[in-house]
Amino acid sequence: MSSLAVLYSTGLTEYAVRKLSEDFLENKTIVHLAIEHALLLPEVLKLLILIEEKDKEQVSRILQAFSNDKIEIEVLPSMTAFNILSICAKKSADIQDVFISPLEAPFVDVKATAKLFQQHKKYKAEYSFAEGYPEFLFAQVLNSGMCAILSSFVKEDNSIISHSFIFDIIKKDINSYDIETLVAPQDAR
């Protein structure tokens, strides 16, 4: 089995590309940390970074710190659900599952997401997410075939995504999908 990690950005702020000064963060940026964590997700063969043209230079500069041929940047005309899911479908043709997370999410818990991923695989889910945890602690997991299916439902929607865009599409016909949720023992949102 193999997976694709996808990081998307709805527009980088200056804080996402500013070096953090804490010693334990080794003066890395938020974007740098998000990339590091995405590369550590289970079975990742490729990392796809989805950005708009205005952010390309800043992200390219950060990528110079990585000597990794797994990473690919794709510039999208706009961050719509259709554009994101279409490119995910295209890039995951030979891949089983897709992890999706914002590029501005530096603290995705790799071990916790691995637990979610194991549950996703065990129950052969089409979509898996965590509930009751702080936002962006987990990447969402999609079976790669879902990318094309979901993109067909939002083909005419040109609105810029929110961070809940995948669930927003799925919940329109939630009973049609195999969904797994990792629920926090206590609501920590």
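Two residues are in contact when heavy atoms of theirs lie within 4.5 Å. With that in hand, here are the legends for this predicted model.

Figure 1. Among contacts in the protein with a separation of 6 or more, 75% join residues 24 or more positions apart. The protein has seven helices and seven strands, and along the sequence they follow the pattern β-α-α-β-α-β-α-β-α-β-β-α-α-β. The C-alpha trace spans about 45 × 40 × 30 Å along its principal axes. A compact globule of 189 residues would have a radius of gyration near 16 Å, and the protein's 16 Å agrees with that.

**Figure 2. Surface and charge.** Of the 189 residues in the protein, 48% are buried. The accessible surface comes to about 9800 Å², and carbon and sulfur atoms hold 50% of that area. If you are thinking about charges, there are 19 positive and 27 negative ones, and their mean positions are 3 Å apart.

**Figure 3. Helix H2 and its cover.** Helix H2 covers residues 30-39, and nine of its 10 residues are buried, so this helix is largely enclosed by the rest of the structure. The buried residues are Ile30, Val31, His32, Leu33, Ala34, Ile35, His37, Ala38 and Leu39. What lies over them? The cover of the buried H2 residues includes strands E1, E2 (44-51) and E3 (71-75), together with helices H1, H3 (56-63) and H5 (110-122).

Figure 4. Is valine 17 buried or partly exposed? Valine 17 has a relative accessible area of 24%; buried means under 20%, so valine 17 counts as partly exposed. Beyond its neighbours within four places in sequence, valine 17 is in contact with Leu12, Thr29, Val31, Gln58 and Ile62. One of these, Val31, is also among the buried residues of H2. The C-alpha atoms of valine 17 and isoleucine 30 are separated by 6.3 Å, although the two residues are 13 places apart along the chain.

**Figure 5. Tyrosine 8 with phenylalanine 165.** The structure holds five aromatic pairs, and this view takes one of them. The ring centres of tyrosine 8 and phenylalanine 165 are 5.6 Å apart and the planes stand at 90°, so the pair is edge-to-face. Tyrosine 8 belongs to strand E1 (residues 3-8) and phenylalanine 165 to helix H7 (residues 165-170), so the pair ties together parts that are 157 residues apart in sequence. Both tyrosine 8 and phenylalanine 165 are buried.

**Figure 6. Phenylalanine 129 with phenylalanine 167.** Here the ring centres of phenylalanine 129 and phenylalanine 167 are 5.4 Å apart with planes at 50°, so the pair is tilted. Phenylalanine 129 lies in strand E5 (residues 127-131) and phenylalanine 167 in helix H7, so this pair links parts that are 38 residues apart in sequence. Which of the two partners is buried, and which partly exposed? Phenylalanine 129 counts as buried at 13% relative accessibility, whereas phenylalanine 167 counts as partly exposed at 27%. Take a look at the neighbouring ring as well: Tyr127, Phe129 and Phe167 form one aromatic cluster.

Note on methods: Residues are numbered from 1 along each chain as its sequence is written. This is a predicted model: local features need pLDDT of at least 70, side-chain atom pairs count only at pLDDT 80 or more; totals for chains, interfaces and linings use all residues. Side-chain values use heavy atoms; hydrogens and water are left out. Buried means under 20% relative accessible area, exposed over 50%, partly exposed in between (1.4 Å probe, protein chains only). Rings of Phe, Tyr and Trp (its six-membered ring) pair if their centres lie within 6.5 Å; planes under 30 degrees apart count as stacked, over 60 as edge-to-face and the rest as tilted. Helices (H or I, at least four residues) and strands (E, at least two) are DSSP runs, numbered from the N terminus. The radius of gyration is taken over C-alpha atoms; the globule rule is 2.2 Å times the number of residues to the power 0.38. Accessible areas come from the Shrake-Rupley method with a 1.4 Å probe; for residues, only the protein chains shown count as cover. Lys and Arg count as positive and Asp and Glu as negative; His and the chain ends are not counted. The place of a charge is taken as NZ of Lys, CZ of Arg, CG of Asp or CD of Glu.
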